[in-house]
Amino acid sequence: MTISIGLIGCGYIANKHLKTISQLDELELTAVSDIDSGKMDEAILTYQQLSNKENSIKMHSNFHDILTDKEIDIVVIATISSLHANMAVEALLHNKHVILEKPLALSISDAQKILQVAREQEKYILVCHQLRYRPVFRKIKNIIEDGSLGELYLGVASMRIHRPNSYYKESNWKGSWEKDGGMLLNQGIHLIDLLVWLMGDVQMVFGDIVNKSKVKETEDIASGILIFSNQARGIIEANTMTQPENLGYYLSIFGEKGTISIGGSNFNKIERCYTASPSNKNEVLTVLDDHNEHMYMYQNFINVVNNKEKLLLIDMNDALQSLMTIFGIYESSILNEPVNLPLDSFTTKDMNGKGGRI
Ligand SMILES: NC(=O)c1ccc[n+]([C@@H]2O[C@H](COP(=O)([O-])OP(=O)(O)OC[C@H]3O[C@@H](n4cnc5c(N)ncnc54)[C@H](O)[C@@H]3O)[C@@H](O)[C@H]2O)c1
């Protein structure tokens, strides 16, 4: 049976979705929506070239027309971050399954609303934390779960990347607390999601953010000290000012029996893989270059929608945990004291005028 897909938001990241949809035989793109008609034209052309399919694809400047289209089974939401929550809730209320770009939402109340409506409507929603699907991280997760690292005591996540002023100046939403939510939510969330997935839920956060280059409202330097529920400690350090260009992303997991440290421009280098079972290192190296995570993510989602698999690798509560950790860093930086998670309420709108210490 062919599954019909409607795509809302035809910008940069839409291309990843179009490529993946075009590679999966059971999927067919049947409608797109964007407020910019040129973006819709580009998306349709890209899909047709990649898929070699010539089915007609509807174009809607109003995303509601995708939601009321009864033929559409799954809605992919790839619009700017501040629109995610409302669009996801609306799509669920129209009985669609949803693939939602990260971040899930920009406030706790919006995130909880999505969870509640998905439950009530009995529909599936997947938040695109695609790195969980990258084979090397699935292997590291298995190593931790089978005890080969022993008891974990420390996890360190570092993001050292470069975003020039033009990145913010050329966008009408990036770097805005209200529309984007900050670099931890935009760029850092993948790394923080991996840290939380591998180490466990976060109980307490002490965070600090700095907005140094004032071309935008949000932070460009952030640090966080975490206490996980198993009492292991965590450190997050992130900046988007690394000169002269991206250095990369680094994740190190320390356990009483072993250490795994992975880094590089695209997590393509194992710095150390020492575990209680020596064969792990070869297995990690064997899958290191498989970066087909988008494909694996879509396959998992389709199998769950078709009742062929029971679980999503990232469920909504997981996505909320990662979001909550970042909100905790922001909240702690405003209060200038550690905060306990879960927070009852937080919205990035509260950060307006509080870009961080200078
Ligand atoms: N998973 C990832 O690795 C990844 C990578 C990049 C971006 N993202 C996320 O994807 C989202 C989009 O990012 P992007 O870089 O593609 O941004 P973008 O600015 O390139 O694209 C956003 C698109 O949304 C459209 N849009 C805005 N309002 C709309 C509306 N009301 N209805 C329909 N379309 C509308 C814009 O016209 C634009 O084409 C962001 O939330 C971002 O965090 C995820």
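1. A residue is called buried when its relative accessible area is under 20%, exposed when it is over 50%, and partly exposed in between, with a 1.4 Å probe and protein chains only. Cys128 counts as buried because its relative accessibility is 0%, and Cys273 counts as buried because its relative accessibility is 9%.

2. This is a predicted model, in which local features need pLDDT of at least 70 and side-chain atom pairs count only at pLDDT 80 or more, while totals for chains, interfaces and linings use all residues. Residues are numbered from 1 along each chain as its sequence is written, and side-chain values use heavy atoms, with hydrogens and water left out.

3. A search of the whole structure for disulfides (pairs of cysteine sulfur atoms within 2.5 Å) finds zero. Cys128 is accordingly in no disulfide, and the nearest cysteine sulfur, that of Cys10, is 15 Å away.

4. Around the ligand there are 24 residues, of which Ile13, Asp34, Ser81, Glu101 and Gln130 come nearest, where being near requires a heavy atom within 4 Å.

5. A polar side-chain atom of Gln130 lies 2.8 Å from a ligand oxygen atom, one of Glu101 lies 2.9 Å from a ligand nitrogen atom, and a backbone N or O atom of Tyr12 lies 3.0 Å from a ligand oxygen atom.

Key
Polar contact = N/O pair within 3.5 Å; in protein donor to acceptor, adjacent residues only side chain to side chain.
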